Amino acid sequence: MRKNFIKVLLKKVHQSDKSFTSSFKKPKIHKNSISHFPFPQMESASELVEFPLLLTPIDSHYRACTIPYRFPSDNPRKATPTEISWINLFLNSIPSFKKRAESDTSVPNAAEKAEKFAQRYSDILEDFKKDPESHGGPPDCIVLCRLREIILRELGFQDIFKKVKDEENAKAISLFENVVRVNDAIEDEVKRVENLVKGIFAGNIFDLGSAQLAEVFSKDGMSFLASCQNLVTRPWVIDDLEAFKVKWIKNSWKKVIIFVDNSGADIILGILPFARELLRRGSQVVLAANDLPSINDVTYSELVEIISKLKDEEGNLVGVSTSNLLIANSGNDLPVIDLARVSQELAYLASDADLVVLEGMGRGIETNLYAQFKCDSLKIGMVKHPEVAQFLGGRLYDCVLKYNEVSS
């Protein structure tokens, strides 16, 4: 019985011609909630397409997953040390996911179903440790994330982090204006962008996909301002800040695509002040958010609501017009992203962008760190897994700012 269930799951994981998200109900936005927005609202299509700014041909230039769990010379039937390390990381995260699932009041018999989730997911992970080929192919970070989400959704858990996301969004919204005014008070452009970058790192620490951070958060919470002050010292493990500042001063980007990450302080106190500054400097900004919930990542519909709450009666974000701000549904439903599979709407909006920003450990480090684009790109996030720190040769909670400029 268990093997049959796992076969069904793995079949869904390895589907390549259709988006798995089409199997689930997509978040709907009530008409009244979008009538005040000066920019279009996008719903993702079921068919996903390649992100148009990836260097082509994609088959030879693009690999989504950054960290190779194995090499061609490895025994296909024996788990590598890297595979075992990462499988153990996902195993260690199960208790925190189970706890969230147990408290999901929207699901009948949540405690019983949470136990089923924990058992089913751990069984599959243990199978991978015994034989990486046991379920149709060796695991990578996308497969391991996908399996977790499939099992949760099959059991009726659509958004087990909703309560904590709503709470953290409310807290961050109350702090937004103060954070923005602190940035605005910095007259020197270089120092201001440095402060904005530090804000992105500080916000990005709100990540409940990390077992260690989930435990810290549940006990003590997290302070955005304290996180800003306590970032690891430079140089960071990947530190292209100086080159980024040089380009920033030139004020040259006409259109910026930002793949956003977590709810709460991450999106509201980290990314939105950065996006607002780009808007103030004349750039058009497209915020690309997940279609469906995954961990505490912000979704498209949630981001629409957040910005609606932050804007004043004139449609401004603390004095800056949002007429050049768009929100796009990325078509994604994981905390990592494969840019060979994005929504058609996002692909259309991105076709003429000249800067792509991938924010967060999942989208910008564990996947896409080495992705090559036809335009400038910025991968920015905090290292929150020891396994990632080891791979990069850095410290836990180290920072990554990888900037690549493409000559015109």
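Trainee: Where is the place of R281?

Mentor: This is a predicted model, in which local features need pLDDT of at least 70, side-chain atom pairs count only at pLDDT 80 or more, and totals for chains, interfaces and linings use all residues. Residues are numbered from 1 along each chain as its sequence is written, and side-chain values use heavy atoms, with hydrogens and water left out. R281 sits in the loop between α12 (265-280) and β3 (284-289); helices (H or I, at least four residues) and strands (E, at least two) are DSSP runs, numbered from the N terminus.

Trainee: Is R281 buried or exposed?

Mentor: R281 counts as buried because its relative accessibility is 13%. Buried means under 20% relative accessible area, exposed over 50%, and partly exposed in between (1.4 Å probe, protein chains only).

Trainee: Which residues does R281 touch?

Mentor: Leaving aside residues up to four places away in sequence, R281 touches E189, W248, I249 and N251; contact means heavy atoms within 4.5 Å.

Trainee: Changing topic, which residues form one aromatic cluster with W248?

Mentor: W248 forms one aromatic cluster with F244, W253, F274 and Y403. Rings of Phe, Tyr and Trp (its six-membered ring) pair if their centres lie within 6.5 Å; planes under 30 degrees apart count as stacked, over 60 as edge-to-face and the rest as tilted.

Trainee: How buried are F244 and Y403?

Mentor: F244 counts as buried at 0% relative accessibility, and Y403 is buried with a relative accessible area of 6%.
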